[in-house]
Amino acid sequence: MKAISVEEAVAKIPNGATIMVGGFMGVGTPERLLDELVRQKKSELAIIANDAAVPGSGIGKLFDASLVSAITASHIGLNPKVQEQMMAKKIAVTLVPQGTLVERIRCGGCGLGGVLTPTGAGTIVEEGKQRIEINGKHFLLETALRSQFALVHAFLADYLGNLSYALTARNFNPVMAMAADTVIVTAEHIVPVGVIAPDHVVTPAPLVDYLIANR
Amino acid sequence: MDPQTIIAKRVALELRPGNLVNLGIGIPTLVANYVPPGLNVFFQSENGLIGTGPIPEQGMAHPLLTDAGGRPISALPGASTFDSAMSFALIRGGHVDITVLGGLQVDAEGHLANWMIPGKMVPGMGGAMDLVSGAKRVIVAMQHAAKGKSKIVRRCGLPLTSARPVDLIVTDIAVIGFVDGKITLLETAPGVNVAEVMAVTEAELTIPDKVPEMKI
């Protein structure tokens, strides 16, 4: 793990990158990284996230600045800008059931090719997917998801990069921290090694590539 | 009593001590207001919490503690938090006893449509498909009709949420279940009679000899 500035970190992300962004309706989202993506005008981004938040908050800021060309998410309904850009065919939207989305990301981070889930079987989610019957029950084969970058927000990060999370700000963050080539982390607090007890580390340090240093 | 209160109060009667319950957005959220004290029900918020409590008082909100709509909530003593993989493992894995969801349509076979209106409204399914596929018991809490049109239909015209049928429908005028696979009128709301329910229901209901009134 290397501690770098937010400007340096975002400079590593090219236009057109695929990026997983942690957070749920803007809670547990690495806001400083998103602000810097907007400042550096990184464009044509392919985002994987639970939702599109709302305008002015979290991932919503990327849509405010029209920097996104594709989003894979479970819910976009609370961001009218995304609905607008989708209807105008400016962005490609792939909707995935939330439990399937997180499992696909988990598979991507765990060396698995995919997962068999009953969710979506017999609905339009099934279109184009392999349906597999096991003991008389129908499952869909949902394939693994990975990305070039994961932008993760933790509550505590120690000097080595061990991470812990707070309350409902955990959500997709630890799962995404496993599933990208480069993992960039912001934290509410950066603390000395040992402050996070081994039992309370959720994301072990070797998974983190860059920690955004305090100003 | 207004329609939403009737629905929420009646659904609350379905909860049992120790149940793990997931409430959807809208009318289902109101169910929490009518849980008798001491029932010890656990409410799950799909964004990673068991033990959701009431909305915090002014100035007491924690920015990292919200419901699935991103609104501030509180956590009760004994609450637990976890990531989204765990949250949906609980949901899909049959650990959630009851899920209460809103609906656009439910049909005679119990199929629910509640996540999109093609060409009009495409918000995404969020957690709804997992909840209906995986919870032990699925309850739909919705108004019986929208703009004079029955939401309980012969066959869903809207895209389904799951192939798995729901267990119970609670509306502002009726409780409807599936007895031996047949869509059946189980109760009527106070002051509503069976003929009135049949008149505003598109699906053909089975009517038992006795249809009691909701005890709300």
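Trainee: How many helices and strands are there in chain A?
Mentor: The model is a predicted one, and the elements are counted along the chain from its N terminus. In chain A, the count comes to 6 helices and 12 strands.

Trainee: Which radius of gyration does chain A have, and what would a compact globule have?
Mentor: The C-alpha atoms of chain A fill a box of roughly 55 × 40 × 25 Å along the principal axes. A compact globule with 215 residues would have a radius of gyration near 17 Å, and chain A agrees with this, because its own value is 17 Å.

Trainee: What percentage of the residues in chain A is buried?
Mentor: A residue counts as buried if 20 or more other C-beta atoms lie within 10 Å of its own. Of the 215 residues in chain A, the buried ones make up 52%.

Trainee: Are H5(A) and H3(B) parallel, antiparallel, perpendicular or oblique to each other?
Mentor: Helix H5 of chain A, residues 98-110, packs with helix H3 of chain B, residues 84-92, at an angle of about 125 degrees, and their axes are 9 Å apart. Roughly perpendicular covers 65 to 115 degrees, whereas roughly antiparallel needs an angle over 145. The two helices H5(A) and H3(B) are therefore oblique.

Trainee: How many nonpolar, polar and charged residues has the contact of H5(A) with H3(B)?
Mentor: On the side of H5(A), the contact is made by A:Gln98, A:Gly99, A:Val102, A:Glu103 and A:Arg106. On the side of H3(B), B:Ser84, B:Ala85, B:Phe88, B:Ile91 and B:Arg92 take part. Sorted by class, these are 4 nonpolar, 3 polar and 3 charged residues.

Note on methods
Residues numbered from 1 in each chain as written. Chains lettered and ligands numbered in written order. Predicted model: local features only at pLDDT ≥ 70, side-chain atom pairs only at ≥ 80, totals over all residues. Axes fitted to C-alpha atoms, helices over the stretch in contact; angles between N-to-C directions. Helix = DSSP H or I, 4+ residues; strand = E, 2+ residues; numbered from the N terminus. Parallel < 35°, antiparallel > 145°, perpendicular 65-115°, else oblique. Contact = placed C-beta atoms within 7 Å. Nonpolar A, V, L, I, M, F, W, Y, C, P; charged D, E, K, R; others polar. Rg over C-alpha atoms; globule rule 2.2 N^0.38 Å. Buried ≥ 20, exposed ≤ 12 C-beta atoms within 10 Å, placed from the backbone.
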